[in-house]
Amino acid sequence: NDDVDDDDRYYVNTAMGDALRDDHPFTIKFFIQWHLEIIGPGLLQFMDVLEHDDALPPFLRQKFGESGPDVWRFLQEHPDQQAQFKKAMDSVDALMVGALANDFDWRSCGTVVDVGGSQGSFLAKLLATHSSLRGVLFDLPS
């Protein structure tokens with residue numbers, strides 16, 4: 001197996017493990033970190049919510065308040081989390097952009113509006129792949 005080092009003191013990433021590195025072109029590291037740090041702690045609480053008919057799980061009330069999550073306000077008030085969220089979404093874009101640009105039949109579309117498209121990496125790839133399309137990128141200023 002090419003992915004295993006014979007020396008017991010070291011290990012070598014498999015191709016799948018390489019995607020966990022932040023310098024990998026299709027990294028999923030930030031996407032996983034975002035979900036583990038923000039979503040993960042409360043996953044087990046959802047069952048309790050269902051059993052007790054609570055509107056919000058305790059971890060969401062603790063993080064966002066009684067009225068529930070306003071994720072965009074939360075991110076605006078927490079720049080470190082906003083940066084991590086952006087990296088997470090950019091990594092998802094990098095993973096999906098090729099498939100979406102090539103596997104969907106875009107011929108019937110004249111203009112594509114990418115709402116919440118961050119820096120526009122998906123839209124740029126789509127427009128580069130399909131020169132007949134026009135694109136509009138719409139996102140918050142930050």
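Predicted model: local features only at pLDDT ≥ 70, side-chain atom pairs only at ≥ 80, totals over all residues.
Local features were taken only at pLDDT of at least 70 and side-chain atom pairs only at pLDDT 80 or more, whereas totals for chains, interfaces and linings use all residues. Residues are numbered from 1 along each chain as its sequence is written, and side-chain values use heavy atoms, with hydrogens and water left out.

The protein chain contains seven helices and two strands; helices (H or I, at least four residues) and strands (E, at least two) are DSSP runs numbered from the N terminus. Along the sequence their pattern is α-α-α-α-α-α-β-α-β. Of the 142 residues in the protein chain, 24% are buried; buried denotes under 20% relative accessible area, exposed over 50%, and partly exposed the range in between (1.4 Å probe, protein chains only). Among contacts (heavy atoms within 4.5 Å) with a separation of 6 or more, 37% join residues 24 or more positions apart.

The largest nonpolar core has eight residues: V97, A101, W106, V112, F122, L123, L126 and L133. Such a core is a set of buried Ala, Val, Leu, Ile, Met, Phe, Trp, Tyr and Cys residues joined through side-chain atoms within 4.5 Å. At least two of its residues come from each of α6 (79–103) and α7 (121–129), and α7 gives the most, with three. Beyond its neighbours within four places in sequence, L123 contacts V112, D114, G135, V136 and L137. Another core, of seven residues, lies apart from this one and includes W34, F74, L75 and A88.

G110 is placed in the loop between α6 and β1 (111–115). Its relative accessibility is 42%, so G110 counts as partly exposed. With residues up to four places away in sequence not counted, G110 touches S132, L133 and R134. The C-alpha atoms of G110 and L133 are 5.3 Å apart, although 23 residues separate the two in sequence.

The accessible surface of the protein chain is about 10,300 Å², and carbon and sulfur atoms hold 56% of that area; areas were computed by the Shrake-Rupley method with a 1.4 Å probe, and for residues only the protein chains shown count as cover. L20, F31, I32 and L36 form a nonpolar surface patch of about 340 Å².

Definitions and conventions
Patch = residues over 30% accessible without salt bridge, like charges linked within 9 Å, V, L, I, M, F, W, Y side chains within 5 Å. Salt bridge = Lys/Arg side-chain N within 4 Å of Asp/Glu carboxyl O.
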